[in-house]
Amino acid sequence: MADSRVLPLGEAEWGGGVSPYAVGHKKLGMWLFLLSDSLTFSALLIAYSYVRIASDQWPLPFHLWPSIAMATVMTFLLLSSSLTMAFGVAAAKRGDTRSAVRFIVLTILCGVGFVVLHANEWMTLIDEGVRLWSNPMGTPLFGATFFTLTGLHMAHVASGVIYLAVIAAGLPGNRFHHEDVEISGLYWHFVDLVWMFIFPLVYLLSVAP
Amino acid sequence: MSTVPVEPVVEAPRNYLNASYGVKSWLLTTDHKRIALLYLVTITILFFLGGAFAVMIRLELATPQGDLMTPDTYNKMFTLHGIIMVFFFLVPSIPATLGNFLVPMMIGARDMAFPRINLLSWYVLTIGAVISISAAVMGGVDTGWTFYTPYSTTYSNTYVTLMAVGIFIAGFSSILTGLNFIVTIHTMRAPGLTWFRMPLFIWSHYATAIIIMLGTPVIAITLLLVGAERTLKLGIFDPALGGDPILFQHLFWFYSHPAVYIMVLPAMGVVSELITCFSRKRIFGYSFVALSSVAIAILSFLVWGHHLFVSGQSVYAGMIFSLLSFMVAVPSAIKVFNWTATLYRGSISYDTPMLYAFGFIGLFTIGGLTGLFVATMAIDLHVHDTYFIIAHFHYIMVGGTVMAYMGGLHYWWPKMTGRMYPEGWAKFSALVLFVGFNLTFFPQFILGYLGMPRRYYAYPEEFQVLNVMSSAGATILGVGYLIPLVYLFWSMRYGERASSNPWGATSLEWQTPSPPPTENFTVTPVVTEEAYTYSHEAPEHV
């Protein structure tokens with residue numbers, strides 16, 4: 001290195017996106033954030049599984065109707081939102097801002113629908129007497145793990161909705177690059193993916209007999 | 001020198017220090033070099049604060065009776081010492097100061113990938129530190145730095161929740177720094193700087209950043225659960241509600257064991273730079289040293305169970321964790337052997353940074369080998385929760401990390417400030433530190449082996465001689481830290497001016513003036529060779 005050649009300043013690419021990885025700063029940053037965040041959820045899911053296995057009277061409070069049916073609809077909404085998000089990203093890449101915004105708004109609507117149904121689910125459980133520290137069905141911890149896990153996920157969905165709204169609002173004025181849309185998409189797909197773990201572990205394994 | 005030499009009035013060339021003045025230019029800077037100095041100030045304050053608690057511990061233990069403070073106060077002293085030192089000094093120490101300053105420079109970049117996030121991470125750490133210190137001032141915490149449940153969740157009447165919040169916030173500082181490092185190293189290397197041409201300092205910071213990204217969210221959510229359990233009766237660690245206190249230990253050590261490598265990997269990176277520079281030799285087995293950092297990062301996540309040998313974990317799990325813990329010794333030993341092999345037939349000079357590097361190798365080896373003792377289940381049953389453990393991890397944390405930190409600080413001081421430190425004083429204090437350190441902690445190995453438990457404020461009289469030795473050593477150690485504090489400050493104004501490359505080192509940060517200009521390089525460097533292309537020449541001094 002002692003006898004390095006020199007180039008005038010500015011000739012090198014400083015914004016990322018260069019070979020061999022061809023990934024921009026923001027996108028790589030988002031991937032790393034998601035990697036990190038996945039460990040947050042892993043910790044909670046593993047803690048939940050641990051205490052659940054250790055308990056011999058874990059509550060099974062979810063009836064096929066309405067809880068499981070509703071949770072299935074929620075799953076359907078989230079999965080569809082990932083599809084619309086993917087369409088939105090593709091449209092933004094084509095430079096078709098109008099339909100990109102339309103698809104992102106659809107995604108937002110699915111997200112809002114998810115949160116509303118989920119909040120309704122919470123209210124039902126609270127009406128049945130489930131609290132953070134107690135519940136009428138069995139191990140008191142059920143409420144704590146259920147509300148923590150789904151609450152953290154719901155917070156992620158809600159922040160995702162706000163994030164997408166900001167992107168959708170700024171897209172027509174060219175305030176965002178199409179890669180920004182893709183990055184917000186990464187976040188959205190991640191939130192979706194996390195639900196794919198929560199749905200079976202929390203709901204499908206706890207169907208009322 | 002009896003008279004102060006009259007310095008010729010020459011306008012100093014523009015550099016990052018004189019580019020702008022005023023408090024605002026520092027508090028709103030996005031220059032990674034200035035942020036590194038902000039961190040340096042914060043971390044130095046926290047280090048001496050954590051040290052003050054250690055002084056209280058050693059004073060109490062100078063006599064067998066509990067005569068200086070109540071047991072409650074003593075519990076708070078060792079807890080605050082641990083919390084401040086681990087979460088607010090050791091974890092950020094090398095990455096946030098030297099790493100922040102050097103990662104962009106060593107890869108030939110103008111700044112971090114996310115300069116504003118970099119500044120944000122300093123603010124986040126500072127806010128976390130202020131909250132934690134206010135928890136300490138309001139009444140302290142007495143759970144030990146490990147926050148073991150159910151004591152921390154149910155029984156302790158101290159400011160556990162506030163302290164947990166402080167550490168939770170500081171965790172985000174780590175995550176943001178780690179994220180910044182990975183993106184910077186991936187995308188901003190100068191032309192020609194391929195992965196296997198990177199200085200080992202960069203490799204070790206990359207590995208550290210991986211651990212930070214994967215581990216920190218787990219401790220964050222765990223401490224949040226502890227806080228929620230105290231305030232909302234969440235119960236996940238409370239058997240009465242169906243929870244399990246052991247679960248806390250699993251989650252806690254899933255981060256806190258890898259955190260040991262967050263602390264020591266950057267130190268290993270520093271030592272690789274020092275050893276090669278001061279023996280004027282290419283590192284022995286570059287790719288082994290580089291990849292052993294990555295191996296340590298991966299293995300570090302598979303060994304947490306060795307903290308639970310006596311906690312009611314299954315014996316078979318214990319055996320697996322014991323085996324995996326032994327495996328971490330392999331990449332660690334690769335590094336030590338390769339540093340030693342680098343020294344072989346090198347032209348070694350004994351400048352201060354090199355003295356610290358030697359200190360690191362010796363002390364880390366002792367710390368690492370005693371780590372194998374405690375990874376052995378049968379021995380761990382005997383020494384668990386004794387001073388043997390205290391001695392073991394202080395040999396890694398202080399003997400390893402802090403020694404390398406001091407070595408790195410001296411080595412890069414001319415680059416950071418444009419001034420040389422006084423070599424005589426620096427050598428003297430390195431020696432004082434080494435002697436003080438060993439006198440403090442070696443007796444603790446013996447104490448622990450003889451059965452003195454940790455965290456007790458009084459002890460049987462037969463242990464007094466060794467405890468007095470340890471307290472005396474701590475005094476020497478304290479002096480060893482105060483001397484550099486004084487002369488480093490002094491040198492910022494009165495030190496000899498440093499040339500751009502006072503050590504004749506090869507990495508990119510030495511190819512730009514000391515102190516560097518704000519944009520680091522006036523021309524983008526192009527790398528055409530491997531790292532450490534030293535020839536056997538003595539460094540040209542200043």
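## Local features of a predicted model

Q: Where in chain B is the place of R345(B)?
A: This is a predicted model, in which local features need pLDDT of at least 70, side-chain atom pairs count only at pLDDT 80 or more, and totals for chains, interfaces and linings use all residues; side-chain values use heavy atoms, with hydrogens and water left out. Residues are numbered from 1 along each chain as its sequence is written, while chains are lettered from A and ligands numbered from 1 in the order in which they are written. Helices (H or I, at least four residues) and strands (E, at least two) are DSSP runs, numbered from the N terminus. In these terms, R345(B) is placed in the loop between α11 (315-343) and α12 (352-375) of chain B.

Q: Is R345(B) buried or exposed?
A: Buried means under 20% relative accessible area, exposed over 50%, and partly exposed in between, with a 1.4 Å probe and protein chains only. Phi of R345(B) is near 60 degrees, a positive value in a residue other than glycine. Because its relative accessibility is 68%, R345(B) counts as exposed.

Q: What is the value of phi of K233(B) near?
A: Most residues other than glycine have a negative phi. K233(B) is found in the loop between α8 and α9 (245-279) of chain B, and with a relative accessible area of 54% this residue is exposed. K233(B) is not a glycine and has a positive phi, near 55 degrees.

Q: What average pLDDT does chain A have?
A: The pLDDT is the predictor's confidence in each residue, from 0 to 100. In chain A, 89% of the residues score at least 70, and the average is 89.

Q: Over which residues of chain A is the pLDDT below 50?
A: Where pLDDT is low, the predicted coordinates should not be read in detail. In chain A, the stretch with pLDDT below 50 covers residues 1-17.

Q: Which residue's backbone oxygen does the side chain of T208(B) reach?
A: T208(B) lies in helix α8 (residues 200-232) of chain B, and its 1% relative accessibility counts as buried. A polar contact is a pair of N or O atoms within 3.5 Å; within protein, one must be able to donate a hydrogen and the other to accept it, and residues adjacent in sequence count only if both atoms are side-chain atoms. At 2.6 Å, the side chain of T208(B) reaches the backbone oxygen of S204(B).

Q: How many disulfides are there over all chains?
A: A disulfide is counted as a pair of cysteine sulfur atoms within 2.5 Å. Both C110(A), at 13% relative accessible area, and C277(B), at 1%, are buried. Over all chains, the number of disulfides is zero.

Q: How many aromatic pairs are there over all chains?
A: Rings of Phe, Tyr and Trp (its six-membered ring) pair if their centres lie within 6.5 Å; planes under 30 degrees apart count as stacked, over 60 as edge-to-face and the rest as tilted. Over all chains, the count of aromatic pairs is 57.

Q: Why is the pair of Y16(B) and F101(B) described as it is?
A: The pair links distant parts of the chain, 85 residues apart: Y16(B) in the segment before α1 (23-27) of chain B, and F101(B) in helix α4 (residues 93-106) of chain B. Both Y16(B) and F101(B) are buried. Their ring centres are 5.7 Å apart and their planes stand at 70 degrees, so the pair is edge-to-face.

Conventions:
Contact = heavy atoms within 4.5 Å.
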